[in-house]
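Let's walk through this structure together, starting with its helices and ending at the ligand. Take a moment to look it over first.

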Amino acid sequence: MLNLVIFGAPGSGKGTQSAKLIDSYGLHHISTGEVLRAEIARGTDLGKLADSYISKGNLIPDDLMIRILDDLLPSLMADGRGVVFDGFPRTIPQAEALEGLLLKHGTELHGVIGLEVPEEELVARMLRRGAETGRADDNEETIKNRLGVYHTQTQPLQAYYMEKNKYMPVEGTGVVDEIFGRIAGHIEKRTGHRPRK
Ligand code: AP5
Ligand code: MG
């Protein structure tokens with residue numbers, strides 16, 4: 001089993017690299033942002049609540065986010081392959097909860113891939129995507145708040161995971177496949193796992 005967190009600022013490439021990870025290592029993927037956007041698209045009560053936070057670039061409350069993950073995890077854990085967590089955890093309480101949830105499933109977190117990208121590049125990527133896809137939180141004002149929230153609430157997890165010797169810093173600029181090569185190198189060194197293709 002291989003359980004990884006893909007960590008980084010908004011626009012750092014978590015979703016892009018997750019797609020390669022699940023394909024190459026045969027893992028499941030959970031993007032909490034995608035889960036919430038799907039609820040918004042379906043117009044559910046949870047979606048309406050989530051939209052009131054996401055549209056401003058704020059995090060949804062920890063207890064709600066943790067409950068959602070707790071509900072989704074059993075089906076992802078059932079086959080014993082492992083999960084890429086994308087966009088979770090985003091706060092220290094979420095990180096502590098993740099440890100407990102994995103323990104409940106008899107497993108643990110094997111590593112945290114930290115995508116490191118300069119802020120100007122993050123903003124440029126998100127503005128480009130906003131123009132191309134219309135993703136609602138990819139506008140100048142919300143991006144600014146998302147980055148601020150990242151610095152105050154999420155970035156402290158870097159030190160948290162460094163202390164646990166789980167953090168693997170990866171330069172997140174350049175060609176997508178090159179970045180993936182750097183990630184794969186870290187994973188092999190730390191866990192012995194190699195891409196199956
Ligand atoms: P979430 O969906 O997680 O968004 P995010 O963290 O803001 O990150 P993005 O999805 O924008 O970027 P990414 O790192 O996945 O990069 P991507 O691969 O797309 O969260 C959205 C919201 O949901 C939050 O603000 C919050 O409100 C809520 N939420 C989610 N999780 C939560 C949690 N745990 N707790 C509380 N609230 C939560 O790449 C970005 C762009 O760059 C793409 O267009 C891509 O094509 C391009 N790109 C990627 N790699 C490269 C490259 N190497 N070179 C050039 N372009 C590239
Ligand atoms: Mg994403």
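Helices (H or I, at least four residues) and strands (E, at least two) are DSSP runs, numbered from the N terminus. This is a predicted model, in which local features need pLDDT of at least 70, side-chain atom pairs count only at pLDDT 80 or more, and totals for chains, interfaces and linings use all residues. Residues are numbered from 1 along each chain as its sequence is written, chains are lettered from A and ligands numbered from 1 in the order in which they are written, and side-chain values use heavy atoms, with hydrogens and water left out.

Now find ligand 1. Its shell takes at least two residues from each of α1 (14-25), α2 (32-42), α6 (119-133) and α9 (176-191), and α2 gives the most, with 4 residues. In total 29 residues surround the ligand (a heavy atom within 4 Å), and T16, N58, R90, R129 and R146 are the closest.

Which atoms of R90 and G11 come up to an oxygen atom of ligand 1? For R90, a polar side-chain atom lies 2.5 Å from such an oxygen; for G11, a backbone N or O atom lies 2.9 Å from one. Both are polar contacts, that is, pairs of N or O atoms within 3.5 Å. R135 also takes part, with a polar side-chain atom 3.1 Å from a ligand oxygen.

Note on methods: A polar contact is a pair of N or O atoms within 3.5 Å; within protein, one must be able to donate a hydrogen and the other to accept it, and residues adjacent in sequence count only if both atoms are side-chain atoms.
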